[in-house]
Structures are given as C-alpha cells and as structure tokens.
Amino acid sequence: MQIREALSSDRPAIRDVARRSLEASYSLGPKAITSAIEEWYDEERIEEVLDEETNRLILVAEQGGQVVGLSESVLSGDSIGTILWLHVDPAYRGEGVGSALFDETHRELYDRGAETLQGRVLADNVEGNSFYEDRGFERAGTGEVDIAGRTYVENLYTDADELGREPITDDGRTVYVDHNNHESGSMAPFHVVHVTEEGSDRYGYYCSNCETLANAMDSMGRIECDNCGNVRKPMRWDAAYL
C-alpha cells in the first residue's frame with residue numbers, strides 16, 4: 001500500500017470512495033449522501049484544494065493501483081493541524097488503511113509546521129472516537145453539526161495537553177478564542193469567540209486561516225471572513241475512521 005498526495009486524476013476515485021464510505025457508515029438516504037458528495041467532493045472543489053500550496057492537504061491510500069482511502073486535513077494560522085475527513089473504502093476496512101493514512105497525515109502536518117493535531121468525530125461514531133482514543137488523543141470539546149436537517153453532537157480530539165481559551169483584543173475589548181470549540185471553514189476552522197474567559201455569551205468567530213475575527217452570519221448560518229474569504233457553511237459531513 002502506498003500513501004501519497006492526491007493528484008487531479010484521482011478526483012473520480014476520491015468521490016467514489018467518499019460515497020461508499022458514507023453509505024456504509026451512516027443511515028443517510030440516497031439524496032442526503034448525494035448532497036454531501038456534491039457539497040464536499042465536487043471535482044472543481046477538489047481541484048481547488050489540490051492547487052493550494054500551503055494549508056490544505058489531501059492524501060490517498062493506493063493499493064494495487066486503486067485508491068482505497070483518503071484523508072483531508074488543514075493547517076490553520078494558529079499552527080493547529082486538523083483532520084477534516086478520513087474515508088476508507090468499506091471493502092478495505094480492517095486492513096490498516098485508516099491507520100496508515102492517519103500516520104502519514106500526522107507526519108505531513110507536523111513537517112509543515114503544526115504544533116498541535118486535532119480530529120473531529122461524531123459522538124455516535126463509536127469506532128471513530130475509539131480510533132483517536134487508541135492513539136492517545138484526549139477529548140477536548142464538543143460542538144453541533146447539521147446533517148440532512150438533523151443535529152448531531154461532534155467530539156473534538158487533540159494531542160495537546162490543553163488548548164483552552166486565548167484572550168485577544170477587538171476594538172479595545174478583550175474577548176476569548178475557544179480553541180476547544182471550532183467549526184469547519186473552506187480554508188481553515190473558525191473558532192468560537194466568547195465574551196468571558198469562562199465561556200459565557202458567544203461574541204463571534206475567529207478565522208484561524210488569517211487570525212482575524214469574523215462576526216457576520218447570514219440567516220442560513222453562513223459565515224465569511226472579509227479578510228481572506230474563508231467560509232463556514234451551515235453543514236459538515238463526518239467520515240469513517242477505520
């Protein structure tokens with residue numbers, strides 16, 4: 001088995017593996033799965049990710065000339081590497097594909113400057129949570145994510161001893177960036193920002209791609225950073241960690 005960076009020619013295989021992974025892992029209807037694939041694995045979007053030179057990384061696992069798994073991760077401006085997706089073709093689960101992808105993703109992110117590694121998993125994904133726990137990661141926080149109109153709890157895992165809340169100043173006011181609570185963006189995660197260090201009252205979001213505050217949210221739950229164009233969309237799709 002070979003782990004390598006994805007190529008443009010891998011786009012159809014990436015979509016296919018992601019689809020089969022979602023179908024095997026969750027009781028989602030065909031329309032919901034199709035929507036997920038079109039949202040996150042559109043071939044143009046994959047091409048954009050592959051063209052980025054810095055913070056995005058897609059690795060594929062290849063066996064016998066066939067792509068059998070993939071990982072997508074991001075390195076944000078605060079030196080945190082986040083594994084966004086880890087998909088393995090159901091026909092190849094139990095053969096160490098997920099572990100090999102994780103290990104190589106871990107190495108690549110640290111080689112690129114990550115000081116902390118994170119992973120996000122739906123709370124009811126028993127195997128996914130165990131995957132991180134077996135590797136010594138600690139659960140550092142939770143969040144919520146909408147999938148096909150249903151709200152799920154999502155666990156955040158990290159290899160850091162503690163992340164906590166970091167004070168920053170906005171127009172002369174001190175607010176607190178919660179590194180234990182963030183949501184996916186198109187370029188890098190958005191961290192939740194609180195009014196107090198204790199975490200009372202949400203102040204807005206912090207774009208970890210360019211390290212600025214992004215407070216504007218539209219009626220559909222969409223947030224866009226005016227500084228760098230990083231976008232938080234109102235839904236995220238989890239993956240299978242096997």
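How many helices and strands does the protein chain have? The protein chain has five helices and 14 strands, where helices (H or I, at least four residues) and strands (E, at least two) are DSSP runs numbered from the N terminus. This is a predicted model, in which local features need pLDDT of at least 70 and side-chain atom pairs count only at pLDDT 80 or more, while totals for chains, interfaces and linings use all residues. Residues are numbered from 1 along each chain as its sequence is written, and side-chain values use heavy atoms, with hydrogens and water left out.

**The chain as a whole**
- Of the 242 residues in the protein chain, 50% are buried, buried being under 20% relative accessible area, exposed over 50% and partly exposed in between, with a 1.4 Å probe and protein chains only.
- Among contacts (heavy atoms within 4.5 Å) between residues at least 6 apart in sequence, 57% join residues at least 24 apart.
- The accessible surface of the protein chain, by the Shrake-Rupley method with a 1.4 Å probe, is about 11,000 Å², and carbon and sulfur atoms account for 42% of that surface.

**Helix H1**
- Helix H1 spans residues 11–25, and its 15 residues reach 21 Å from the first C-alpha to the last, close to the 21 Å expected at 1.5 Å a residue, the expected span being 1.5 Å times one less than the number of residues.
- Ile14, Arg15, Val17, Ala18, Ser21 and Leu22 are the buried residues of H1, and they lie on the same side of H1 because they cover an arc of only 165° around the axis, the arc being that of the directions from the helix axis to the C-beta atoms.
- These buried residues pack against helices H2 (30–40) and H3 (43–51), as well as strands S2 (56–63), S3 (66–75) and S4 (80–88).

**Helix H3**
- In H3 the buried residues are Arg45, Ile46 and Val49, and they line one face of the helix because, seen down its axis, they fall within an arc of 100°.
- Glu44, Glu48 and Asp51 are exposed on the other side of H3, whereas the cover over its buried residues includes H1, H2, S2 and S3.
- The N-terminal end of H3 is capped by aspartate 42, a side-chain oxygen of which lies 2.9 Å from the backbone nitrogen of glutamate 44.

**Aspartate 171**
- Aspartate 171, in the loop between strand S8 (165–170) and strand S9 (173–183), has a positive phi of about 50° although it is not a glycine.
- Most residues other than glycine have a negative phi.
- Aspartate 171 is exposed, with a relative accessible area of 78%.

Conventions. A polar contact is a pair of N or O atoms within 3.5 Å; within protein, one must be able to donate a hydrogen and the other to accept it, and residues adjacent in sequence count only if both atoms are side-chain atoms.
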